[in-house]
Amino acid sequence: MTSTTCPCCNSEMGSFGDVASGQMQYCSYCHGILASDRWLNTNMRQTNLRIVRNSVFDGNPAGYRCPTCEGEMVKGPVPTGEGTTLEVDGCLKCGSLWFDNREIEPFIPNIQDIIPVIHRDDPVSKTISSVWGAIVSITNRLTDDSDQEE
């Protein structure tokens, strides 16, 4: 299997899973997750998955291609059930979904149990993850604000 490049930071992503249960790609730098359609069907509650898919695939072009199949990526606001919304990206061709740092947690609360190896416990990794998450969040808000002004 060829390596996948993170659409957020262009780092090489690690791959988890298998053919039967699907693949999940994880970026150890920005902590984004690209989950295949099969992996999502295996690991996410179907009601949550239906909400995410409906919101994402009714969205707008995301401006980049799927890291695994080169299909068109779209993005849409997804309600979390906690009273907030997150922007999640999805591939129209293969059905994979991209979650930025920790965005998958409202939809798969036990993500740490499913893939515990992806979050390091050392202080440097935690600090980098927190800072990167803040930068991505601010950038997304600024981008959303500028889109609304147009």
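Q: Asn10, buried or exposed?
A: Asn10 is exposed, with 61% relative accessible area. Keep in mind that this is a predicted model.

Q: Where does Asn10 sit?
A: In the loop between strand S1 (4-5) and strand S2 (12-18).

Q: And what about the phi of Asn10?
A: Its phi is positive, about 65 degrees, even though Asn10 is not a glycine. Most residues other than glycine have a negative phi.

Q: Is Glu70 buried or exposed?
A: Exposed, since its relative accessibility is 52% and the exposed class begins over 50%.

Q: OK, zooming out. What's the secondary structure like?
A: The protein has 4 helices and 8 strands. Along the sequence, the order is β-β-β-β-α-α-β-β-β-β-α-α.

Q: How much of the protein is buried?
A: Of its 150 residues, 39% count as buried. The accessible surface is about 8500 Å², and carbon and sulfur atoms account for 50% of that.

Q: What share of the contacts joins residues at least 24 apart?
A: Taking contacts between residues at least 6 apart in sequence, 44% join residues at least 24 apart.

Q: Now the inside. How many residues are in the largest nonpolar core?
A: That core has 19 residues. Trp39, Leu40, Met44, Val52, Leu97 and Phe99 have the most contacts inside it.

Q: Which elements supply at least two residues each?
A: On the strand side, S3 (22-26), S4 (33-35), S6 (72-79) and S8 (97-99) each do. Helices H1 (37-43) and H2 (46-57) also supply at least two each. The largest share comes from H2, with 3 residues.

Q: What does Trp39 touch?
A: Leaving out residues up to four places away in sequence, Trp39 touches Ser21, Gly22, Gln23 and Met24, along with Ile104, Ile108, Ile111 and Ile114.

Q: And which residues does the second core include?
A: The second core is separate and has 12 residues, among them Cys6, Cys9, Met13 and Cys69.

Q: Switching to charges: how many salt bridges are there?
A: The structure holds 2. In one of them, the side chains of Asp37 and Arg53 meet, with N to O at 2.2 Å. That pair links distant parts of the chain: Asp37 is in helix H1 and Arg53 in helix H2, 16 residues apart.

Q: Why would such side chains pair up?
A: Side chains of opposite charge can pair when their charged atoms come close.

Q: Why do Asp37 and Arg53 count as partly exposed?
A: Asp37 is at 27% relative accessibility and Arg53 has a relative accessible area of 22%. Both count as partly exposed because buried means under 20% and exposed means over 50%.

Q: What else does Asp37 touch?
A: Besides Arg53, Asp37 touches Cys94, Gly95 and Ser96, again leaving out residues up to four places away in sequence.

Q: And how are Asp37 and Gln23 placed, where are their C-alpha atoms?
A: Those C-alpha atoms are separated by 8.4 Å, and the two residues are 14 apart along the chain.

Q: Back to salt bridges, what does Arg102 pair with?
A: Arg102 forms a salt bridge with Glu105. Their closest N and O atoms are 3.1 Å apart.

Conventions
Residues are numbered from 1 along each chain as its sequence is written. This is a predicted model: local features need pLDDT of at least 70, side-chain atom pairs count only at pLDDT 80 or more; totals for chains, interfaces and linings use all residues. Side-chain values use heavy atoms; hydrogens and water are left out. A nonpolar core is a set of buried Ala, Val, Leu, Ile, Met, Phe, Trp, Tyr and Cys residues joined through side-chain atoms within 4.5 Å. Buried means under 20% relative accessible area, exposed over 50%, partly exposed in between (1.4 Å probe, protein chains only). Contact means heavy atoms within 4.5 Å. Accessible areas come from the Shrake-Rupley method with a 1.4 Å probe; for residues, only the protein chains shown count as cover. A salt bridge is a side-chain nitrogen of Lys or Arg within 4 Å of a carboxyl oxygen of Asp or Glu.
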